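Please work through each task before reading its solution.

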Amino acid sequence: MVTKEEIGKVIEWCEKMKKERNRIYVIERNPFREEIDWMRRFVLVEIDRPKEMASKNNLVYDSILRVLWQFMNNDWRRIEPDFRIQK
């Protein structure tokens, strides 16, 4: 289950890496593989790399929109928090 806090944590890390590396786009190992369940399938995180060029197996971060993308069902889809309906 994807939470808003987990997405925020990943986005914050991506922004930090972008500033530290000072490059047009950055490809980094995924440091969240052991910590966040839904991040286990992504070996690398591609920051600001165009989706047309990015690997379909990696997580892509778009810093202009501040959005995480994953390739699923033959299309790039935005990662959004799951919600639970409680009675």
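**Exercise 1.** Where is the place of Asn74?

*Solution.* The model is predicted, so local features need pLDDT of at least 70, side-chain atom pairs count only at pLDDT 80 or more, and totals for chains, interfaces and linings use all residues. Residues are numbered from 1 along each chain as its sequence is written, and side-chain values use heavy atoms, with hydrogens and water left out. Helices (H or I, at least four residues) and strands (E, at least two) are DSSP runs, numbered from the N terminus. Asn74 lies in the loop between β4 (67-72) and β5 (75-78). Its phi is positive, about 65 degrees, although Asn74 is not a glycine. With a relative accessible area of 70%, Asn74 is exposed (over 50%; buried is under 20%, partly exposed in between; 1.4 Å probe, protein chains only).

**Exercise 2.** Identify the residues that touch the most other members of the largest nonpolar core.

*Solution.* A nonpolar core is a set of buried Ala, Val, Leu, Ile, Met, Phe, Trp, Tyr and Cys residues joined through side-chain atoms within 4.5 Å. Among the 19 residues of the largest one, these are Val10, Trp38, Met39, Ile47, Leu59 and Leu68. Two or more residues each come from α1 (4-21), β2 (44-47) and β3 (59-62); α1 gives the largest share, six residues.
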